[in-house]
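Please look over the sequence and the model first, and then follow the topics below.

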Amino acid sequence: MNPDCWRIFDVFPEPIILVTLAGTIVGVNKAAYGLFPLLLELNSHFLPDLLGIDVQKLEKWLRAWGRSTSMVQGSLPIRQKDGSCLKIALEAAGVHQSPQNPLVILRFQKNHSMLHKFVSLNERVTHLHQEIAKQKVIESQLRIQYRKLMSKNQHLASLASQDGLTGLANRRLFDEVLLDYWQEAAQHPYSLSIILLDIDHFKLYNDTYGHPEGDVCLKAVASDWQSNSRGTGFSGAVWWGRICYFIEKKRRKCGG
């Protein structure tokens, strides 16, 4: 059909589709896009794909309608996403441009109640899919933000419980662990040992070689104590100048 002639059908409010007897769509008017949004998405404009129906059945109906030179009443089933079928009333007639290439024009009845129902359901399903897609994007963003927040919280918790110089537990964590161990030792057969370490002549060393070297010394001592106290319980350190606390928890023997 001449493209200029086909533009005439755009003035009709009813959806109109022009197809071959095999079901290939060769023309649609603007109203058809409102009824069948998939026309914009399908790579191949094939009526059976659009309606979700059997090709052979459709060809049988198209051949019957194609033999008519005037509009005849008919209907086509449209398969829904849930598997059910919805029938839409239409008028059809053959367009005999040439015997070798007969066409069928389908004009869907816009005021048909079932058509309205289909359009309404189609709009609701499309809207629902859009909302689901938006929710998935939001959920993905929330998961990313949650992971970032948990990582920051873990980092802050580590900073709040560690001595910045030695990497050992600070006074805050030491007090918490000491309370827990003390209560546990009171209820179970555990002995609790607290060792206070004083580095000899540390002030003189610090004044002689400077604070940077003093920091190196403190870190070395803390590292040695960490290595030697592994597996013996909590090894905590609170540096007040030169003093470090260590806790060791062992099962009490012979009621001692």
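Two strands count as paired if DSSP finds at least two bridges between them. With that in mind, Ala-93 stands opposite Ile-105 in S5. The model shown here is predicted, and the mean pLDDT of its protein chain is 76, with 75% of the residues reaching 70 or more.

**The sheet**
- Five strands form an open sheet with antiparallel pairing, and their order is S2-S1-S5-S4-S3.
- Strand S2 (25-28) and strand S3 (72-79) are the edge strands, and each has a single partner strand, so one side of each is left without a neighbour in the sheet.
- On average, and with direction ignored, neighbouring strands of this sheet are turned by 30° against each other.
- Strand S4 (residues 85-95) pairs with strand S5 (residues 103-108) in the antiparallel sense, over 6 bridges.

**A helix across the sheet**
- Helix H4 (residues 55-66) lies across strand S1 (16-20) as well as S3, S4 and S5, and helix H4 runs at about 165° to S3.

**The surroundings of Ala-32**
- Ala-32 belongs to helix H2 (residues 30-35), and Ala-32 counts as buried because its relative accessibility is 0%.
- When residues up to four places away in sequence are not counted, Ala-32 touches Pro-15, Ile-16, Ile-17 and Leu-39.
- Asp-10 is 22 residues from Ala-32 along the chain, and the C-alpha atoms of the two are separated by 9.4 Å.

How values were computed
Residues are numbered from 1 along each chain as its sequence is written. This is a predicted model: local features need pLDDT of at least 70, side-chain atom pairs count only at pLDDT 80 or more; totals for chains, interfaces and linings use all residues. Side-chain values use heavy atoms; hydrogens and water are left out. Helices (H or I, at least four residues) and strands (E, at least two) are DSSP runs, numbered from the N terminus. Buried means under 20% relative accessible area, exposed over 50%, partly exposed in between (1.4 Å probe, protein chains only). Contact means heavy atoms within 4.5 Å. pLDDT is the predictor's confidence in each residue, from 0 to 100. Axes are lines fitted to C-alpha atoms, for helices over the stretch in contact, and angles run from 0 to 180 degrees between N-to-C directions.
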